[in-house]
Structures are given as structure tokens and as C-alpha cells.
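Here are some exercises to work through with the model open beside you. Try each task before reading its solution.

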Amino acid sequence: MARHTILGVHITDRLKRVQEVQKVFTKYECLVKTRLGRIAMKREEYAEAITHFLDAHELKRDGPRERFDLAEALIANRWFPQAIAHLETLTVAYPDSVVFWKRLGYARNNGNRYVPAIAAYERALALEPRNEENLRNLVSALLNRGAELQDANRLEDARAMYDRVIETYPRDWRAFNNLATIEMKLGRMKEARALLDRALADYPYESSIHFNLGIVLEKLGDKKGALREMRLAHELNPVYSAAPVHIGRLEQELGIDRPAEPDSQRSPIESP
């Protein structure tokens with residue numbers, strides 16, 4: 001009996017040592033996988049990073065760092081639904097983590113889930129109200145939701161989003177510009193002009209504001225003012241602006257002759 005007891009204790013001790021060795025090996029393997037994942041992230045090899053971080057997560061499923069690293073790699077690879085699932089798990093487990101709420105908001109916002117993105121950014125802002133980044137993040141989601149509603153022709157709901165942006169962050173010109181486009185669609189050009197003037201007061205170098213103001217001024221009968229704004233829009237964005245079409249038409253209607261552009265002329269190579 002004593003012999004069996006001694007043998008049992010010996011076997012138990014050996015099992016414990018084996019388990020301890022396995023724990024050390026697992027910890028080391030997890031560390032290696034994590035480091036490989038971070039190297040891949042620096043190289044912008046996101047699919048490879050996901051593979052390494054997933055391995056680390058499987059080795060340490062209760063580790064918040066491993067799950068967060070995996071979520072970051074998923075975001076970098078623009079696999080937002082998968083990232084959202086992991087970040088939601090983290091925010092449930094760690095509801096006071098500003099970082100987890102911010103990244104969840106980012107994944108939702110970039111994954112076109114604007115309403116839950118707003119909720120996540122609101123939570124981050126409540127936890128860290130003095131951080132202006134949290135405020136800007138919330139504004140981004142509100143603007144995206146407003147644009148989504150506006151595209152769906154839910155103009156009053158969109159207006160509510162833009163009004164909330166102005167209330168939250170009055171210096172954001174995009175809300176005034178977007179509100180102006182609603183007024184333009186409704187045919188209220190004077191109201192649109194007032195909103196665009198307000199946007200320009202804070203951000204005078206944005207091409208789209210000048211472009212919209214050019215449209216409004218033409219509707220109000222001020223073709224010279226419209227031409228001025230279209231030219232400014234084109235100067236500020238000479239590559240992608242649609243202003244040149246309007247500039248040519250307005251110049252023609254106003255009788256303004258544009259000097260012809262001289263053609264290039266090749267000169268002969270001089271003889272030595």
C-alpha cells in the first residue's frame with residue numbers, strides 16, 4: 001500500500017513538472033507569435049500579422065493584449081466585422097477602457113455601422129471628456145450617419161445629425177456645408193448661402209464650399225459672384241474639381257473672352 005502511495009505521489013509530481021514545462025513553452029510560443037505579428041504589422045503585411053496574432057490568441061484566449069493585437073491587424077486589413085466582434089468582447093470585459101471603446105468606434109465607423117459607432121465614441125468621450133480626439137471621432141461618425149440619411153433622402157433626420165455636429169464641435173465646416181446642400185435641394189438658396197458663408201469663415205480654403213457657393217450665387221442671379229467662386233474652387237482643387245465646366249459656361253454667358261492657350265512649338269536643335 002505504501003509502495004502504491006509513493007508511486008502515486010511520484011507520478012503526480014512528474015505530471016506537475018510536465019504541466020509547468022508546458023506552461024512555460026506555451027508562454028514562450030505566445031510571445032514569439034506576438035513578436036512575429038508585430039514585425040508583420042510594421043511591414044504592412046497584415047494577412048501574415050493576422051495569422052500570427054490569431055495563433056497567439058489561441059494560445060492565450062483570455063489575454064486582452066493578444067485579442068487586441070488581433071483586432072488591430074484585422075482593422076489594418078479592413079476586415080471590420082471580425083475586428084468589431086473581438087473589440088465588443090473586450091469592451092464587455094473592460095468597460096472602462098477608453099482605448100477599447102475608441103477602436104471599437106473606429107472599426108464600426110469604417111465598417112459603415114454609424115449608429116453603433118456613435119454609441120462607442122460617446123462612451124469613450126464620457127470616459128475621457130477632455131480629449132479632443134474623442135470629440136472629433138464622435139463628429140466623424142455623426143457626419144457619416146448624416147450623409148447616409150441624406151443619401152436616403154431622409155433630409156430632416158440628416159439635418160438633426162448635422163445640427164448635433166455643430167452643437168458638439170462648432171468649428172467643423174463640413175456640417176455647415178452639408179446643411180447647405182440640403183437647403184439647395186429644397187430650393188432655399190438664401191439659407192444655403194448663409195450656411196456656406198459660415199463654413200468659409202472657419203475654413204476658407206476648401207474647394208467644395210466655394211463650388212457650392214458658386215452654384216448658389218448663380219441661382220440667386222449673381223453670375224459674376226458665381227464665376228469668382230468657381231475660379232476659387234478650381235484654384236484650390238485643380239485636379240478633381242468640377243468647376244471648369246461651370247467656369248467656361250459662365251464666361252461665355254458673361255461675354256468674357258478667354259485667351260487661347262498657345263500651342264507648344266518645337267525648335268530645331270542648333271548645329272554646333
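A charge sits over a ring if NZ of Lys or CZ of Arg is within 6 Å of the ring centre and within 35 degrees of the ring normal. Keep that in mind for Exercise 2. This is a predicted model, in which local features need pLDDT of at least 70 and side-chain atom pairs count only at pLDDT 80 or more, while totals for chains, interfaces and linings use all residues. Residues are numbered from 1 along each chain as its sequence is written, and side-chain values use heavy atoms, with hydrogens and water left out.

**Exercise 1. The overall build**

Task: find how many helices and strands the chain has, and what share of its residues is buried.

Solution. 
- Start with the secondary structure, where helices (H or I, at least four residues) and strands (E, at least two) are DSSP runs numbered from the N terminus. The chain has 13 helices and 0 strands.
- Next, take burial: buried means under 20% relative accessible area, exposed over 50%, and partly exposed in between (1.4 Å probe, protein chains only). Of the 272 residues in the chain, 37% are buried.
- Then turn to contacts, meaning heavy atoms within 4.5 Å. Among contacts with a separation of 6 or more, 45% are between residues 24 or more positions apart.
- Finish with the surface, using accessible areas from the Shrake-Rupley method with a 1.4 Å probe, for which only the protein chains shown count as cover for residues. The chain exposes about 17200 Å², and carbon and sulfur atoms supply 53% of this area.

**Exercise 2. Rings and a charge**

Task: work out which residues the ring pairs link into a cluster, and which residue lies over the face of Tyr-106.

Solution. 
- Recall that a pair of aromatic rings is described by the distance of the centres and the angle of the planes. Rings of Phe, Tyr and Trp (its six-membered ring) pair if their centres lie within 6.5 Å; planes under 30 degrees apart count as stacked, over 60 as edge-to-face and the rest as tilted.
- A search of the whole structure gives 3 aromatic pairs. One of them joins Phe-68 and Phe-100, which is tilted because the planes are at 45°, with the centres 5.3 Å apart. This pair links distant parts of the chain, since Phe-68 is in helix α3 (residues 64-76) and Phe-100 is in helix α5 (residues 98-110), 32 residues apart.
- Check burial: Phe-68 is buried at 8% relative accessibility, and Phe-100 is buried at 12%.
- Tyr-94 is partly exposed, with a relative accessible area of 37%.
- Put together, ring pairs link Phe-68, Tyr-94 and Phe-100 into a cluster.
- For the charge, look at Arg-103, which lies over the face of Tyr-106 at 4.6 Å from the ring centre.

**Exercise 3. Salt bridges, distant and local**

Solution. 
- Side chains of opposite charge can pair when their charged atoms come close. Here a salt bridge is a side-chain nitrogen of Lys or Arg within 4 Å of a carboxyl oxygen of Asp or Glu, and the structure holds 23 of them.
- Lys-33 and Asp-55 have their closest N and O atoms 3.4 Å apart.
- Arg-171 bridges to Glu-132, with the closest N and O atoms 3.7 Å apart. This pair also links distant parts of the chain, with Arg-171 in the loop between α8 (155-168) and α9 (173-185) and Glu-132 in helix α7 (residues 132-151), 39 residues apart. Arg-171 is exposed at 52% relative accessibility, whereas Glu-132 is partly exposed at 35%.
- For the local case, Arg-249 forms a salt bridge with Glu-253, the closest N and O atoms being 3.4 Å apart.
- Lastly, find the network of salt bridges that links Glu-156, Arg-159, Glu-183 and Arg-188.

**Exercise 4. Two asparagines in loops**

Task: say where Asn-112 and Asn-153 are found, and whether Asn-112 is buried or exposed.

Solution. 
- Asn-112 is in the loop between α5 and α6 (114-127), and has a positive phi of about 65° although it is not a glycine. At 52% relative accessibility, Asn-112 is exposed.
- Asn-153 is in the loop between α7 and α8, with a positive phi near 65°. At 47% relative accessibility, Asn-153 is partly exposed.
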